[in-house]
Amino acid sequence: MTCTHCNNGQFNDTDIMCISGVLIDVDEFTEGWQRDIAYPPAPCMCCRVCKGAAWNGEEECGACGSTGWNGGRDLSQEALADHAAREPGREGE
Ligand SMILES: [Zn+2]
Ligand SMILES: [Zn+2]
């Protein structure tokens, strides 16, 4: 799962980046992200209907089951794990 739209893109002059479709602070990702929370989808992975707005409960969206994720399934944890596995030296354990 490679992001072709905003990979390594930064958002709003912060350290928040798109990592395999997940919006996360790059430092948090590098140092070890939280495993028990859902991270928001980046623009490339967000629901096309609500543009990810349903993720934080801003609105209800039938297209994504109010997950904010395109396809209706929150992929943040497995996307981050997958990304970390493909980058030797970056371990999220
Ligand atoms: Zn992206
Ligand atoms: Zn939606």
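## Order of the elements

Read from the N terminus onward, the elements of the chain follow the order β-β-α-α, which corresponds to two helices and two strands. Here helices (H or I, at least four residues) and strands (E, at least two) are DSSP runs, numbered from the N terminus. The model is predicted, and local features need pLDDT of at least 70, side-chain atom pairs count only at pLDDT 80 or more, and totals for chains, interfaces and linings use all residues. Residues are numbered from 1 along each chain as its sequence is written, while chains are lettered from A and ligands numbered from 1 in the order in which they are written.

## The hairpin

Strand β1, which covers residues 16–19, runs antiparallel to strand β2, which covers residues 22–25, and four bridges join them; two strands are said to pair if DSSP finds at least two bridges between them. One of the residues taking part is I16, whose bridge partner in β2 is D25. Together β1 and β2 form a hairpin with two residues between them, and in the turn S20 has a positive phi of about 50°.

A residue counts as buried if 20 or more other C-beta atoms lie within 10 Å of its own, as exposed if 12 or fewer do, and as partly exposed in between, with C-beta atoms placed from the backbone. By this rule, 32% of the 93 residues of the chain are buried.

In soluble globular proteins, nonpolar side chains tend to be buried together.

## Two residues compared

Where does C64 lie, and is C64 buried or exposed? C64 is in the loop between α1 and α2, and C64 counts as buried because 24 other C-beta atoms are within 10 Å. Leaving aside residues up to four places away in sequence, C64 touches C47, V49, C50, A54, W69, N70 and G72, where a contact means that the C-beta atoms of two residues, placed from the backbone, lie within 7 Å.

D27, by contrast, is found in helix α1 (residues 26–31) and counts as exposed, because D27 has 11 C-beta neighbours inside 10 Å. D27 and M17 are 10 residues apart in sequence, and their C-alpha atoms are 9.8 Å apart in space.
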